[in-house]
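Open the model in your viewer and keep the selection panel at hand. Each stop names a selection, then says what is there.

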Amino acid sequence: MDPPDPRVPERPDQPARHPVEAVLFDFHGTLAQVEDPVAWVVAAALACGAQLDRGRATVLADRLVTAGRAGGPLPVRVPVHLAEVWADRDLYPHAHRAAYVGLAATVNTDIEGLADALYERLLGADGWQPYADTAETLKALRAAGVPVAVVSNIGFDLRPHFAEWGLTELVDAFVLSYEVGRVKPDPAIFLRACGMLGVDPERALMVGDTPADAGAVRAGLSALVLPAGDPGAVNGLAAAVALTRP
């Protein structure tokens, strides 16, 4: 056998990977997606007693998403009068509502009450759509005896959504930023979730779709980042189940 080439540095031993004994999931963009923007605007307008044709609804949806929609892309600019509630949106329910209702109100829609109605869509399960593989993934983890937590930067309770979808019994803990006073990527929120599941961080996996979710690595967890899919699509969650197997 040829001697090792001295010009090629030796690779250090790879650290042993701990088996995954618990899985933490982000909510938006990982387990569920907000409804289509046009459907969002049409439904909210109907709640205000207004009927919109698809053309007008599409124009308004584009403007409202650009202004800033919860579950949508971050706004390009946050008005000065909303800066404080925007900064606190994932820590306090009143700030979350004020931030997103305030952003929607910057768009002239000529529909009285629309900004509030748009926000109300978030608070109900009808305003969201679980990914096609969400239920199957949670059921597979439950069957394997792997506890699950939902860890979300959010300003309202997600438990009613899971109850409406029949998924409550498949989630062992909800760790919501406004309840625990910590926001991802703060390591404390991931450590809180691990504590609630009774698992060491080194044996837990965080599954999400953003760098904030990947921040779990700083708390000692492994992380799996999956790009957010379209509403109702398969989102690659089977990979999380595969990682729990020896």
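On a 1 Å grid over the protein atoms alone, a cavity is a set of points where a 1.4 Å probe fits but cannot get out; lining residues have an atom within 4 Å of a point. Grid points are joined across faces, edges and corners, and a volume is the space filled by probe spheres set on the points. This is a predicted model: local features need pLDDT of at least 70, side-chain atom pairs count only at pLDDT 80 or more, and totals for chains, interfaces and linings use all residues. Residues are numbered from 1 along each chain as its sequence is written, and side-chain values use heavy atoms, with hydrogens and water left out.

**Stop 1: the cavity.** Select Trp40, Gly68, Arg69, Ala70, Tyr100, Val101, Ala104, Ala115, Leu118, Tyr119 and Leu122, which line the largest cavity. About 90 Å³ of space lies inside the largest cavity. Two elements give two or more residues to this lining: α4 and α5 (114–122). Helices (H or I, at least four residues) and strands (E, at least two) are DSSP runs, numbered from the N terminus. The most comes from α5, with four residues. By class, the cavity lining has nine nonpolar residues, one polar and one charged. Here Ala, Val, Leu, Ile, Met, Phe, Trp, Tyr, Cys and Pro count as nonpolar, Asp, Glu, Lys and Arg as charged, and the others, Gly among them, as polar.

**Stop 2: the pocket.** Select His28, Gly71, Asp90, Tyr100 and Asn153. Of the 30 residues lining the largest pocket, these lie nearest its centre. A pocket is an open set of points with protein on both sides within 12 Å along at least five of seven lines. The volume of the largest pocket is about 540 Å³. Colour α3 (83–87), α4 (93–105) and α10 (211–214): these elements each give two or more residues to the pocket lining. The pocket lining holds 15 nonpolar, seven polar and eight charged residues.

**Stop 3: a helix pair.** Show α1 (residues 37–47) and α2 (residues 54–68). How do they pack? The angle is about 110°, and the axes are 8 Å apart. Axes are lines fitted to C-alpha atoms, for helices over the stretch in contact, and angles run from 0 to 180 degrees between N-to-C directions. So α1 and α2 are roughly perpendicular (65 to 115 degrees). From α1, the contact (heavy atoms within 4.5 Å) uses Pro37, Val38, Trp40, Val41 and Val42. From α2 come Arg54, Ala57, Thr58, Leu60, Ala61, Leu64 and Val65. These contact residues are 10 nonpolar, one polar and one charged.

**Stop 4: Leu31.** Centre on the loop between β1 (22–25) and β2 (32–34), where Leu31 is found. Is Leu31 buried or exposed? Leu31 is buried, at 2% relative accessible area (buried means under 20%, with a 1.4 Å probe and protein chains only). Beyond its neighbours within four places in sequence, Leu31 contacts residues including Pro130, Tyr131, Phe162 and Leu237.

**Stop 5: Leu176.** Move to strand β5 (residues 173–176), which holds Leu176. Leu176 is buried, with 0% relative accessibility.

**Last stop: the whole chain.** Zoom out to 11 helices and seven strands. Of the 246 residues, 46% count as buried.

Definitions and conventions:
Angles under 35 degrees count as roughly parallel, over 145 as roughly antiparallel, 65 to 115 as roughly perpendicular and the rest as oblique. Buried means under 20% relative accessible area, exposed over 50%, partly exposed in between (1.4 Å probe, protein chains only).
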